[in-house]
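Me: I have just opened this structure and would like to be walked through it. Could we start with a term that will be needed along the way?

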Amino acid sequence: MSIVEAGALDHVIRFLQSENINLQESATAALLTLSASISNKPIIGASGAIPLLVNILKHGTTQAKVDAVMALSNLSTYTDNLTVIIETDPVPSVVTLLKSSKRSSKTAEKCCSVIESMVGFDEGRTALAAEDGGILAVVEVLENGTRQAREHAVGALLTICESDRCKYRELILKEGVIPGLLELTVQGTPKSQTKAQTLLRLLRETPYPRSEFQPDTLENIVCNIISQIDSDEQSSKAKKMLAEMVQVSMEQSLRHLQQRALVCTPTDL
């Protein structure tokens, strides 16, 4: 019999509700551990623990907040828990924790994991856009986060833009997202690369394919976006990243050709 099946969860929840800070921290850490188990996720979600975790995220100690967002990240991978989480309005508190965290940290990664799940709901998208520096914080993780965090960040921004391009395109563009997206197209995980390319297409002036005279290449897409950027600094940075991206692409193509040449060259002539 598991710890949860043995009834330990009821005690953990009571400790979460305690005014004793040490008990709150211990209970949050315990839920973080329990939430890692697939079989526990629906049980925890139905137990009433999620609103308590979000309350810890708002009012707990620094360590308790970190454990709470990590537990919420674990619980968000079980689909039925998503509606319970979004009903607690967690985005403002998650953004606050993200903004206070190092962008390359595990905490930032888990914050972006929760944000990516929450922006699948209109309430989550609205809450993120309403938070001062909310979208910017996600963009900064896209640029400087762990590989997994960057994947969550670009996934969140793509979901937002796909939901209502007219509403969110400018909000995302003005935070200087292009250099980070360009880097992801060549250095991100396979999922990140695909999502970054898709988002770049959505961010250009028109989301529709170009004519045969202007092929729908990544370079043309980015040049179109750069031409619309008002900030000289952002435009210059984006152009530099584009040049670097083209250089990396050329080097990868050259290595591929060299490898093919080695394979195709007879060895016993």
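Predicted model: local features only at pLDDT ≥ 70, side-chain atom pairs only at ≥ 80, totals over all residues.

Me: How far is the sulfur of cysteine 112 from the closest cysteine sulfur?
Reply: The closest cysteine sulfur belongs to cysteine 111 and lies 7.0 Å away, which is too far for a bond.

Me: And how many disulfides does the structure hold?
Reply: The structure holds zero disulfides.

Me: Are cysteine 111 and cysteine 112 buried or exposed?
Reply: Cysteine 111 counts as buried because its relative accessibility is 0%. Cysteine 112, at 1% relative accessibility, also counts as buried.

Me: How much of the chain is buried?
Reply: Of the 269 residues in the chain, 46% are buried. The accessible surface comes to about 13,800 Å², and carbon and sulfur atoms account for 52% of that surface.

Me: Why is helix α13 largely enclosed?
Reply: Helix α13 covers residues 178-187, and eight of its 10 residues are buried, so the rest of the structure largely encloses this helix. Among those buried residues are Ile178, Leu181 and Val186.

Me: New topic: how many salt bridges are there?
Reply: The structure holds seven salt bridges. One of them joins lysine 106 to glutamate 109, with the closest N and O atoms 3.2 Å apart.

Me: Where do lysine 106 and glutamate 109 lie?
Reply: Both are in helix α8 (residues 106-118), three residues apart, or about one turn of the helix. Lysine 106 is partly exposed, at 46% relative accessibility, whereas glutamate 109 is buried, at 7%.

Me: What does glutamate 116 meet in a salt bridge?
Reply: Its side chain meets that of lysine 195, at 3.6 Å from N to O. Glutamate 116 is in helix α8 and lysine 195 is in helix α14 (residues 190-203), so this pair ties together parts that are 79 residues apart in sequence. Lysine 195 counts as partly exposed, with 22% relative accessibility.

Me: Which residue pairs with arginine 169?
Reply: Arginine 169 forms a salt bridge with glutamate 170, at 2.8 Å from N to O. Arginine 169 is buried, with a relative accessible area of 9%, while glutamate 170 is partly exposed, with 46%.

Me: Lastly, what share of contacts joins residues at least 24 apart?
Reply: Among contacts between residues at least 6 apart in sequence, that share is 65%.

Definitions and conventions: Residues numbered from 1 in each chain as written. Heavy atoms only, no water. Buried < 20%, exposed > 50% of the residue type's maximum accessible area, 1.4 Å probe, protein only. Helix = DSSP H or I, 4+ residues; strand = E, 2+ residues; numbered from the N terminus. Disulfide = S-S within 2.5 Å. Contact = heavy atoms within 4.5 Å. Areas by Shrake-Rupley, 256 points an atom, 1.4 Å probe, with all protein chains shown as cover. Salt bridge = Lys/Arg side-chain N within 4 Å of Asp/Glu carboxyl O.
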